[in-house]
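Subject: Structure handover and findings

Hello,

Here is the structure I promised to pass on. Please open it beside this email as you read.

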Amino acid sequence: MTIKRLVILASFMTFANVAKAQTFHVEPITSNTAADGGIIEMPRSNTVTVLFDNRSIIFRPSISDSSVLDDAKNATLITVRGRTSTPIPSAKDEQLALSRAVSARKYLIEHGVSPLKIHVNYASGSDFITDNSTPEGKRQNQRVEIELVYVTPTSNPYGTP
């Protein structure tokens with residue numbers, strides 16, 4: 001396996017574990033060969049949140065969100081998190097959260113994203129981003145978050161191979 005593939009694989013492993021952690025520190029991943037010019041892979045991410053109508057699974061990103069998602073095929077890793085606004089988890093709402101995430105995944109694939117890049121996560125009755133006691137709060141919690149992680153090569157600022 002080449003060093004460049006190992007660097008990309010290490011980046012995937014780092015971000016796969018990020019979803020489990022509340023806080024984290026990202027270190028640049030460097031190669032130790034002079035052949036690749038001391039390239040450092042620096043990760044960056046962008047998150048798009050798309051809201052859903054009550055009980056809906058229809059994925060309708062806004063125009064501005066669509067323009068961000070148009071670049072998703074260039075992401076290294078994509079995490080899609082489906083959520084509901086129900087206060088108590090249930091099998092029915094777990095299915096709703098999963099269906100929302102799958103709807104977003106389908107949209108991404110239809111727009112040229114490799115399904116191998118997409119990780120799906122879902123939960124009901126938890127992970128609220130705002131007060132869930134108002135209609136607007138519930139609407140904000142009925143969502144899919146799409147995190148796009150990019151790993152782009154940059155020059156080594158330390159000058160070491």
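Below is what I found in it, feature by feature.

This is a predicted model, so local features are reported only at pLDDT of at least 70 and side-chain atom pairs only at pLDDT 80 or more, while totals for chains, interfaces and linings use all residues. Residues are numbered from 1 along each chain as its sequence is written, and side-chain values use heavy atoms, with hydrogens and water left out. Helices (DSSP runs of H or I, at least four residues) and strands (DSSP runs of E, at least two) are numbered from the N terminus.

**Strands and crossover**

Strand 3 and strand 4 run parallel and are joined by six bridges. Two strands count as paired if DSSP finds at least two bridges between them. I78 has I118 in strand 4 as its bridge partner. The chain leaves strand 3, passes through helix 3 and reaches strand 4 in a right-handed β-α-β crossover. Right-handed means that, with the strands pointing away from the viewer, the path from the first strand over the helix to the second runs clockwise.

**The nonpolar core**

The largest nonpolar core has 19 residues. The term covers buried Ala, Val, Leu, Ile, Met, Phe, Trp, Tyr and Cys residues joined through side-chain atoms within 4.5 Å. Buried means under 20% relative accessible area, exposed means over 50%, and partly exposed lies in between (1.4 Å probe, protein chains only). F59, L69, I78, V80, L108, I146 and L148 have the most contacts inside this core. Strand 2 (40-51), strand 3, helix 3 and strand 5 each supply at least two of its residues. In soluble globular proteins, nonpolar side chains tend to be buried together.

Take I146. Leaving out residues up to four places away in sequence, I146 touches N46, T47, V48, F59, L69, I78, T79, V80, A104 and L108. A contact here means heavy atoms within 4.5 Å.

**Aromatic pairs**

There are two aromatic pairs in the structure. Rings of Phe, Tyr and Trp (its six-membered ring) pair if their centres lie within 6.5 Å; planes under 30 degrees apart are stacked, over 60 edge-to-face, and the rest tilted. F52 and F59 have ring centres 6.4 Å apart and planes at 45°, so this pair is tilted. F52 counts as buried because its relative accessibility is 1%. F59 is buried too, at 10%. F59 also pairs with Y107, again tilted, at 5.0 Å centre to centre with 55° between the planes. That pair links distant parts of the chain: F59 lies in the loop between strand 2 and helix 2, Y107 lies in helix 3, and 48 residues separate them. Y107 is buried, as is F59. F52, F59 and Y107 form one aromatic cluster.

**Salt bridges**

The count is eight salt bridges. The rule asks for a side-chain nitrogen of Lys or Arg within 4 Å of a carboxyl oxygen of Asp or Glu. R81 and E147 meet at 3.4 Å, N to O. R81 is in strand 3 and E147 is in strand 5 (residues 143-154), 66 residues apart. R81 is buried at 16% relative accessibility, and E147 is buried at 18%.

D127 bridges to R143, with the closest N and O atoms 3.6 Å apart. D127 sits in the loop between strand 4 (118-123) and helix 4 (135-141), while R143 is in strand 5, 16 residues away. D127 is partly exposed at 39%, whereas R143 is buried at 0%. R143 also meets E145 in a salt bridge at 3.0 Å, N to O. E145 and R143 are both buried. R81, R83, D127, R143, E145 and E147 are linked in a salt-bridge network.

**Two loop residues**

A72 is in the loop between helix 2 (63-69) and strand 3 (77-83). A72 counts as buried because its relative accessible area is 0%. Beyond its neighbours within four places in sequence, A72 contacts I78, L108, V113, L148 and Y150. The C-alpha atoms of A72 and N46 are 9.8 Å apart.

T86 is in the loop between strand 3 and helix 3 (91-110). T86 is buried, at 15% relative accessibility. Not counting residues up to four places away in sequence, T86 touches R55, D93, S124, G125, S126, F128 and N132.

Best wishes
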